[in-house]
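Let's take a friendly walk through a two-chain model, starting where the chains meet. Have the structure open as you read.

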Amino acid sequence: MSKESAAATSNKPSVAVLDGWFTMDEDKPHLLGSQCNSCGTYYFPKQSNYCKNPSCDGESFNEVPLSRTGKVWSFTNACYQPPEPYIAADPYQPYAIAAVELEKEKMVVLGQVITGVDVDALRAGMQMELVLETLFEDDESRKLTWKWKPLASQ
Amino acid sequence: MSNEIAILGAGMHPWGKWGKNFTEYGVKAARDALADAGVDWRDVGFVSGAATMRCGYPGYVAGATFAQALGWQGAEVNTSYAACASGSQALAAARAKILSGACDVALVVGADTTPKGFLAPQKGERPDDPDWVRFRLGITNPTYFALYARRRMEIYGDTQDDFALVKVKNAEHGFSNPNARYKKKFSAEDVAASAMVADPLRLMDICATSDGGAALVVSSVGYAKKIGRGDAVKVAAISTVTPSYASGIIEMPDLATDSAAVVEAQSFRAALPKKAYEEAGVAPGDVDVAEVYDLSTALELDWMEDLQLCERGEAAQLVRAGQTRVGGRLPINPSGGLACFGEAVPAQALSQVCELTWQLRGEAGARQVEGAKVGITANQGLFGHGSSVILKR
Ligand SMILES: [Zn+2]
């Protein structure tokens, strides 16, 4: 497996780094969660066998696209290269990370922040939207992941 | 109170990177605790070990491993695993045994040898393992502590200088502690000059992993009186509650919180001491000293608020005013905390209780909190494990 830069462009086909975790709509992607058919609570990643709400014994779930915008709860960055199974660009490029609150689902979801946006550009409460970006590529394909991106009109 | 037990002895093996078998640390701590208690090893009826997951089968059956190392003498054994709360869970098992009348004296031991460097997940493609997934996506352990720290800065106006003050204060406390690993009086400039790991946290804001061992000899209050130790420090409460759904704070190794769409969000950290206060019949205002799990400098501030030792958002003010130093109104981590020890998982919760035992006896030397009568510990680990222990004199 080669370790090419995430920023490198290529014509390789793109595949999700985690199959079934998000839609592959490169314009307006959604994370794919699930919703309990009994109590209505949401899960990400998907829950499909039993509901974790102690007042609910639900065992059936619908796959649902989660809200693709939310507000920054907090943020940080990764100054050091994470260990495997992270596959880093060479040389390593630090990246920002945001925890984003989804209003409808009332949950906070982590993700890297899009390349080029540093912690200095982030604030709690900022509106973010979900985008897809290459996490790494191997010989066959570009592996896409979800990332958070500040909404343009701020 | 009828559910109290007495702490007759406390002992520790100094924290460090000694590279020895964990059993050696546990035996040293146990022998020191027995000597401190003035109890013969043959009089111990129950050995309660805190498991280590990094040292193979002997670590999984730590209670038996320590009992065998000390010399089989027929005592019953038990081993507890509850991540960072393993030591408290082992103490709770000893308390249950004593309060049920099944034994008079128990020995509680936790010890660990830690590997060097990053704790990385197992190899291979394992998308069903949350730990594998988060590392694949670039979310490491410091990420979570940095998110909590940055949240404080954004909501309460805390600064990186405030976090550095916590490190400077803990370094001062640990300087005279013979069991601490790092004994150096770091300055705010030292902290600021250390490398950024996960903004806003620098290397010196984050605790290391260490080798170490801690042990307690505990007994029924009746036994303590019988051997002339009726004035021993008492365990007044042990809380090892699990979280309540829906957890509103992002927790390692998760990529998302629970959804609070149909159930109100809950704080696990705040729930841990709440149960302990209720059990001990003690109010937060009664606390003289606290040992809290400062995995990061900023997390010490979160704990102060979760322990209700101040209002939400006010912890940094107490630190700035010097009130959390030994000599201040409410000393936090007089031992030096994880900042000076580094984490030795199965020993850490017990080391907190050892420190409070010495504090409440007035035997803590240069780091003594004058007149301390009530102390509380707090820690939280993975998978819904955490604990809070209250000691009284
Ligand atoms: Zn449900």
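Which side chains of chain A and chain B meet in a salt bridge? They are B:Glu154 and A:Arg123, at 3.4 Å from N to O. A salt bridge here is a side-chain nitrogen of Lys or Arg within 4 Å of a carboxyl oxygen of Asp or Glu.

This is a predicted model, in which local features need pLDDT of at least 70 and side-chain atom pairs count only at pLDDT 80 or more, while totals for chains, interfaces and linings use all residues. Residues are numbered from 1 along each chain as its sequence is written, chains are lettered from A and ligands numbered from 1 in the order written, and side-chain values use heavy atoms, without hydrogens and water.

**The interface**

| Between chain A and chain B | Value |
|---|---|
| Salt bridges | one salt bridge |
| Polar contacts (both at pLDDT 80 or more) | 16 residue pairs |
| Buried area | about 3500 Å² |

A polar contact is a pair of N or O atoms within 3.5 Å; within protein, one must be able to donate a hydrogen and the other to accept it, and residues adjacent in sequence count only if both atoms are side-chain atoms. Buried area is the accessible area (1.4 Å probe) that two parts lose on being put together, summed over both. Carbon and sulfur atoms account for 66% of the buried area. A:Trp73, A:Pro85 and A:Leu110 supply 20% of what chain A buries against chain B, more than any other three residues. Counting contact as heavy atoms within 4.5 Å, chain A contributes 45 residues and chain B 38 residues.
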